[in-house]
Amino acid sequence: MDKRNFMAAALAAASLPAWAQGNAAKGLRGPALLTITGAGVRPNRGAFDPVRDQMMAKQKLSFTAAHAFDFAALAALPAVTIQPTLEYDNKPHKLSGPALRDVLKAAGVKGEGKLAMRAVDGYAPTISIADATKYRFIVATHLDGAPMPLGGLGPLWAVYDADKFADMAAKPVDQRFANCPWGLYHIDVQAG
């Protein structure tokens, strides 16, 4: 291809909407950290791509459209701080990040249903939107004031302050967080 045709093709591709350029999400400045799919989602990216969405492919996920968030998009939402006692050292720690209900709202999700929240290791607990709201889940981005790295509990963790709820605080600390996937990267909203 000669230089002129190459430049014309490149300019045409750059002018396509983001959803038409594979899985690139509109408005993101960095890589997508959280992808929300399913019922009621207002998409900002295109369909599942088995080449670009390798981890999702290995975990047998598929979708026609999704809403993706990068770190800046999550940080732009109001932050909430909680201080649960964690099972890893049996000590309280500060976790902060946007409320899960605000993340869902930003993705266009309204109403009731269930959330299948998937971690990078494939762990995928399902919780009702009502319970996620009741227990005031957050999408934690920071632990004790520092961003959570991949390979630790992050970069995202769907978590709540179990100490604040009598039914959860009554459980042994190692049983309070079964519905809290660390390394969160995908939420599928299932209609209720």
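This is a predicted model: local features need pLDDT of at least 70, side-chain atom pairs count only at pLDDT 80 or more; totals for chains, interfaces and linings use all residues.

Colleague: Okay, and where is M55 found?

Modeller: M55 is in helix 2, which covers residues 54-58.

Colleague: Which residues form a nonpolar patch on the surface with M55?

Modeller: V120 and L150 do. Together, the three have about 260 Å² of accessible area.

Colleague: Let me zoom out. How many helices and strands are there in the chain?

Modeller: The chain has 6 helices and 13 strands.

Colleague: And how much of the chain counts as buried?

Modeller: Of its 192 residues, 42% count as buried. The accessible surface of the chain is about 10200 Å², and carbon and sulfur atoms account for 58% of that.

Colleague: What about contacts in the chain between residues at least 6 apart in sequence: what share join residues at least 24 apart?

Modeller: That share is 63%.

Colleague: Remind me, what do strands of a sheet pair through?

Modeller: They pair through backbone hydrogen bonds, and they can be parallel or antiparallel.

Colleague: So which is it for strand 1 and strand 13, parallel or antiparallel?

Modeller: Those two run parallel. Strand 1 (residues 34-38) and strand 13 (residues 184-191) are joined by 4 bridges.

Colleague: Nice. And the open sheet of 4 strands, what's its order?

Modeller: That one goes 3-6-10-11, with antiparallel pairing. Strand 3 and strand 11 (146-147) are at the edges with a single partner strand each, so one side of each has no neighbour in the sheet.

Colleague: Can you walk me across that sheet?

Modeller: Start with strand 3 (residues 79-82), which pairs with strand 6 (residues 95-98) in the antiparallel sense over 4 bridges. There, A79 stands opposite P98 in strand 6. Next, 2 bridges join strand 6 to strand 10 (residues 142-143), again antiparallel. L95 has L143 of strand 10 as its bridge partner. Then strand 10 pairs with strand 11 in the antiparallel sense over 2 bridges. Here L143 has A146 in strand 11 as its bridge partner.

Colleague: Got it. New topic: how many salt bridges does the structure hold?

Modeller: It holds 3. One of them joins R45 and D53, with the closest N and O atoms 2.9 Å apart.

Colleague: Are R45 and D53 buried or exposed?

Modeller: R45 is buried, and D53 is too.

Colleague: And which residue does D49 meet in a salt bridge?

Modeller: D49 meets R52, at 3.9 Å from N to O. D49 has a relative accessible area of 19%, so it is buried, as buried means under 20%. R52 is at 52%, so R52 counts as exposed, because the cut-off there is over 50%.

Colleague: What's the N to O distance for R176 and D163?

Modeller: Their side chains meet at 2.8 Å, N to O. This pair links distant parts of the chain, with the two residues 13 apart. R176 is in the loop between helix 6 (166-169) and strand 13, while D163 is in the loop between strand 12 (157-159) and helix 6.

Colleague: Is R176 buried or exposed, then?

Modeller: Buried: R176 has a relative accessibility of 12%. D163 is partly exposed, at 29%.

Colleague: Last one. Where does G122 lie?

Modeller: G122 lies in the loop between strand 7 (113-119) and strand 8. With 25% relative accessibility, G122 counts as partly exposed.

Colleague: And how far is the C-alpha atom of G122 from that of Y185?

Modeller: The two C-alpha atoms are separated by 9.8 Å, while the residues are 63 apart along the chain.

Conventions: Residues are numbered from 1 along each chain as its sequence is written. Side-chain values use heavy atoms; hydrogens and water are left out. Two strands pair if DSSP finds at least two bridges between them. Patches are made of residues with over 30% relative accessible area and no salt bridge: like charges are joined within 9 Å, nonpolar side chains (Val, Leu, Ile, Met, Phe, Trp, Tyr) within 5 Å. Accessible areas come from the Shrake-Rupley method with a 1.4 Å probe; for residues, only the protein chains shown count as cover. A salt bridge is a side-chain nitrogen of Lys or Arg within 4 Å of a carboxyl oxygen of Asp or Glu. Buried means under 20% relative accessible area, exposed over 50%, partly exposed in between (1.4 Å probe, protein chains only). Contact means heavy atoms within 4.5 Å.
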